[in-house]
Amino acid sequence: MNDERKTVEELIVRYELEPTLRDVYVEGEFDAFLLRWFFHDSDMQNVCVYEIGTVEISHDLLAEARATNNNKGRVIALAHKLQQALGDECRQVTFVVDKDFDHLLQHNPSTRLLLITDYSCMEMYLFNQWQLEKFCTLVLQATILSIPRLLKQMGTILQELYLLRFNNIKNSLGYEWMSFIRCCELRARQEIIFNKEDFLVKYLHKNRAIARKVEVLSFIDFCRPQLASDHRMNANGHDFFELLEWLSKQLKPSCFRNSEAFRRAFLGCLETSRIRGEPLFSKLLQWHADGLA
C-alpha cells in the first residue's frame, strides 16, 4: 500500500542521520532473496535489502532521471536522486539493477551508487554448470543428462527468445509476450528441440502482427552479430526459469507442486562461494568493506 512506502524525502533524512546504515535497493523479490542470502552467508548481517516497491517513486522523479516507468527505472531514478542529495561520498546505500538490453542499446545508466548485473539479469548468475549439476543431481536425480550439452541447448533457445524480446523493446512495438513451452520437445531425455518458426508465427498472430514476420526476421538477423558470446548476456531470466521448470517436469513430472516450489528448490542450490568472485558481488563486498573503514 502507498501509505506503507517510504518517501524519497524520508530516505534522504534517514541516510543523513544514520551514517552506519548499509542498505541495498533492488528491482524485485528474486533479487532481494538472492542478495539477502549472499550478505548473510558472507557474514554481512548489517546489510538490509529492499525491493523498490517499498519506496514511493513519483512520475516527476522518473522524468527527472529520464527513467522508464518500471521497477528498473524506479531504482535508477532513486539512485540518481539520492546521489544528488547525499553526494558522492555516501556509503549508506547502493542500488542494483539488471543489465537487460543495455549492452545492445549502448546504454549505461550507471552512477556511483548504482551497480549493474554482469549478465542480462540476476537469474543468469545461476546459469552455469555447477548450479545445474547440483540441481539435476540432488533435486531431479537425473544424472543421465550432459550438463554442458544442456547449457548449450538452453542458451541457444534463450538467445532466440531474447532477440524477439529485444525487437519489441527497440522498436517500441508493445507486443504481448507468450509462453514458448508448447513449441519445445525433449527427445530421448537428452535433446531439447525448440520450434522457433512455430513460436514466431503464434507470437505474431497473438499480437495481430503476422504481416510483419519478414520485418521481424530481418531485424533479428541484423542484431544477431551484436550478441555477446556468453549466453548469460543474451537471455531473459523469466524465460530461463520457465524453460528449466518445463525440463524438470519432463524428467520428474511430480517433482514440484507449482512454479514457486520449483523456483525455491532451484535457488536453494545456490552456493554463494561460487558467485563471490563475480564483478557485481566483488563490488558489493568492497562497498561493505569501505563502509566499515
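Predicted model: local features only at pLDDT ≥ 70, side-chain atom pairs only at ≥ 80, totals over all residues.
Residues are numbered from 1 along each chain as its sequence is written, and side-chain values use heavy atoms, without hydrogens and water.

**View 1. Strand S5 and its hairpin with S6.** Buried denotes under 20% relative accessible area (1.4 Å probe, protein chains only); strands (E, at least two residues) and helices (H or I, at least four) are DSSP runs numbered from the N terminus. S5 runs antiparallel to S6 (residues 191–194), joined by four bridges; pairing requires at least two DSSP bridges. Leu186 has Ile192 as its bridge partner in S6. Three residues separate the strands, and Ala188 adopts a positive phi near 55°.

**View 2. The buried face of helix H8.** Phe199, Leu200, Tyr203 and Leu204 are the buried residues of H8 (residues 196–206). Seen down the axis, they fall within an arc of 125° and so line one face of the helix; the arc is that of the directions from the helix axis to the C-beta atoms. These residues pack against H7, S6 and helix H9 (213–223). Arg208, which follows H8, has a positive phi near 50°.

**View 3. Surroundings of Phe240.** Leaving aside neighbours within four places in sequence, Phe240 is in contact with residues including Glu123, Met154 and Phe266, contact meaning heavy atoms within 4.5 Å.

How values were computed: Buried < 20%, exposed > 50% of the residue type's maximum accessible area, 1.4 Å probe, protein only.
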